[in-house]
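Take a short walk through this structure. We will go from one side-chain contact to the next.

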Amino acid sequence: QVQLVESGGGLVQPGGSLRLSCAASGSIFSINVMGWYRQAPGKERELVATITSGGSTNYADSVKGRFTISRDNAKNTVYLQMNSLKPEDTALYYCNFRRWRIYDSGVVDSWGQGTQVTVSS
């Protein structure tokens with residue numbers, strides 16, 4: 001299974017910026033999707049952004065124009081640049097790695113343990 005190690009979370013003022021990173025190791029498949037999800041207290045985990053191995057991106061409406069996801073395939077690392085942060089962005093952010101099994105095309109997900117982002121004045 002793929003191991004994911006997240007870093008970059010912390011406390012930031014509204015309007016500030018943070019950059020999250022997630023390094024993947026283990027059984028890395030060339031065709032995959034990496035992404036970021038977040039979960040606030042009392043709420044369900046929600047998608048923030050994803051990026052395919054080919055570079056195609058997808059963002060939640062709430063972060064469009066403020067967050068940018070990118071990846072470095074040579075380093076097996078995905079990043080999330082978060083600008084213009086709002087208190088509503090406060091959550092535990094999880095890294096996700098998704099690949100597909102060859103024999104039945106089934107989905108296999110790997111998750112990091114999360115990094116806390118707190119936006120407060």
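Start with a charge and a ring. The charged end of arginine 19 sits over the ring of tyrosine 79, at 4.1 Å from the ring centre. Keep in mind that this is a predicted model.

Arginine 45 places its charged end over the ring of tryptophan 111. Here the distance to the ring centre is 4.7 Å.

Now stay with tryptophan 111. The structure holds one aromatic pair. Its members are tyrosine 37 and tryptophan 111, with ring centres 5.1 Å apart. The planes of the two rings meet at 65°, and over 60 degrees counts as edge-to-face, so this pair is edge-to-face. Where do the two residues lie? Tyrosine 37 belongs to strand 4 (residues 33-39), and tryptophan 111 to strand 10 (residues 107-111). The pair therefore ties together parts that are 74 residues apart in sequence.

How exposed is each partner? Tyrosine 37 has 15% relative accessibility. Buried means under 20%, so tyrosine 37 counts as buried. Tryptophan 111 has a relative accessible area of 35% and is partly exposed.

The structure holds one disulfide. It joins cysteine 22 to cysteine 95, with 2.1 Å from S to S. The angle about the S-S bond is -85°, and the link is left-handed. Cysteine 22 lies in strand 3 (residues 18-25), while cysteine 95 lies in strand 9 (residues 91-100).

How values were computed. Residues are numbered from 1 along each chain as its sequence is written. This is a predicted model: local features need pLDDT of at least 70, side-chain atom pairs count only at pLDDT 80 or more; totals for chains, interfaces and linings use all residues. Side-chain values use heavy atoms; hydrogens and water are left out. A disulfide is a pair of cysteine sulfur atoms within 2.5 Å. Helices (H or I, at least four residues) and strands (E, at least two) are DSSP runs, numbered from the N terminus. Rings of Phe, Tyr and Trp (its six-membered ring) pair if their centres lie within 6.5 Å; planes under 30 degrees apart count as stacked, over 60 as edge-to-face and the rest as tilted. Buried means under 20% relative accessible area, exposed over 50%, partly exposed in between (1.4 Å probe, protein chains only). A charge sits over a ring if NZ of Lys or CZ of Arg is within 6 Å of the ring centre and within 35 degrees of the ring normal.
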